[in-house]
Amino acid sequence: MCTSITLYTKNHYFGRNLDLELTYGEVITITPRNFPFKFHKVQDLPTHFALIGMGIVVDNYPLYFDATNEKGLSMAGLNFPEYAHFFPEAEDKDNVTPFEFIPWILGQCQTVEEAKELLVKVNLVNINFSDELPLSPLHWMIADQTQSIVVESTKDGLHIYDNPVGVLTNNPTFDYHLFNLNNYRHLSSTVSDNTFSDHLQLNVYSRGMGGIGLPGDLSSASRFVKAAFTKLNSISGESESESVGQFFHILKSVEQQKGLCDVGGGEYEFTIYSSCCNMDKGIYYYTTYDNNQITAVDLHKENLDGMQLVTYPLVKDQQIHFVN
């Protein structure tokens, strides 16, 4: 499963944890403006906004897990099993396959509002990338510097939700997660007065007691609550290092460690990578499960008018620096 968040300080940030039991050979992938995006059912984009993000490249095609374009619009696909439903081709619709969805939106939209205009006619169509790479059941968070939305294609159609918390996890549907926050309205970063009973003297015996009841398990519903509470109450300085560092600290509050989520067959789901992209500057930061050091790739240091994909393999080995 996964968790995606936004964070706004002086600059604007978007990123996610990717939680799975296996890796696919992910690489940082930069798609320059003149790389031809070819689509199955909608008009191709021979030119478009440049993109940077994490994904895999198959047959010279970037399959993005998450990405940000040069204008700052960002998008991530998260696991949505048993709920995601993709449809046959429909007339009078823009029939976009889910694996094309990120480049199709980010390639031509600068803002969430522009994305909403396109989404009115979108039909996420059930076409696999290949026999070896069938579609993954996904839903998506899309964000710019002012707002975010969630897009879910279920059996009753395409749903677009405003996302006031800037958080997305997995099942069930997003409207449930928003409503579920009502069950945690008592949580606070400060300790409340004793409201249990006037007849009992109940003591504050520890710091942090305002957060008693905050979920700590790895389920998608609990991660949504914890990520939202952590993000919305977190305080960060405005420098790049403070902002990026705080972003990763928020993601770490819901990361998954090997051994805690048994998916059978001796496999365990874990946080394969965490990412944070500065939406204003196009700098993509990441860590991996075995490497806590933050590594960065700058979109604008590449030739954005090129025609060839640019990839950077992940730095996966732990970077430990001795000071003596």
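Visitor: What does the side chain of Tyr-286 reach?
Guide: In this predicted model, the side chain of Tyr-286 reaches the backbone nitrogen of Val-315 at 2.8 Å. A polar contact is a pair of N or O atoms within 3.5 Å; within protein, one must be able to donate a hydrogen and the other to accept it, and residues adjacent in sequence count only if both atoms are side-chain atoms. The model is predicted, so local features need pLDDT of at least 70 and side-chain atom pairs count only at pLDDT 80 or more, while totals for chains, interfaces and linings use all residues. Residues are numbered from 1 along each chain as its sequence is written, and side-chain values use heavy atoms, with hydrogens and water left out.

Visitor: Why is Tyr-286 called buried?
Guide: Buried means under 20% relative accessible area, exposed over 50%, and partly exposed in between (1.4 Å probe, protein chains only). Tyr-286 has 2% relative accessibility and therefore counts as buried.

Visitor: Which residues touch Tyr-286?
Guide: Not counting residues up to four places away in sequence, they include Ile-28, Met-54, Phe-248, Pro-313, Leu-314 and Val-315. Contact here means heavy atoms within 4.5 Å. Tyr-286 lies in strand β16 (residues 283-288); strands (E, at least two residues) and helices (H or I, at least four) are DSSP runs, numbered from the N terminus.

Visitor: How do you know that β4 pairs with β3 and β5?
Guide: Two strands pair if DSSP finds at least two bridges between them. Strand β3 (residues 27-31) is joined to β4 by 5 bridges, and β4 to strand β5 (residues 61-69) by 8 bridges. β3 and β4 run antiparallel, as do β4 and β5. Thr-29 stands opposite Gly-53 in β4, and Met-54 stands opposite Asp-66 in β5. The hairpin of β4 and β5 has 2 residues between the strands, and Asp-59 takes a positive phi near 55° there.

Visitor: What makes β4 mostly covered?
Guide: Of the 8 residues in strand β4 (residues 51-58), 6 are buried.

Visitor: Why is Thr-31 called buried, and what does its side chain meet?
Guide: Thr-31, in strand β3, has a relative accessible area of 0%, so the residue is buried. A polar contact of 2.7 Å joins its side chain to that of Tyr-64. Leaving aside neighbours within four places in sequence, Thr-31 is in contact with residues including Phe-37, His-48, Pro-62 and Leu-309.

Visitor: What span is expected for helix α4, and what covers the helix?
Guide: The expected span of a helix is 1.5 Å times one less than its number of residues. Helix α4 (residues 220-233) has 14 residues and reaches 20 Å from its first C-alpha to its last, close to the 20 Å expected. The helix is mostly covered, with 10 of its 14 residues buried, among them Phe-224, Val-225 and Phe-229. What covers the buried residues includes β1 (2-8), β2 (12-20), α3 (174-180) and α5 (240-252).
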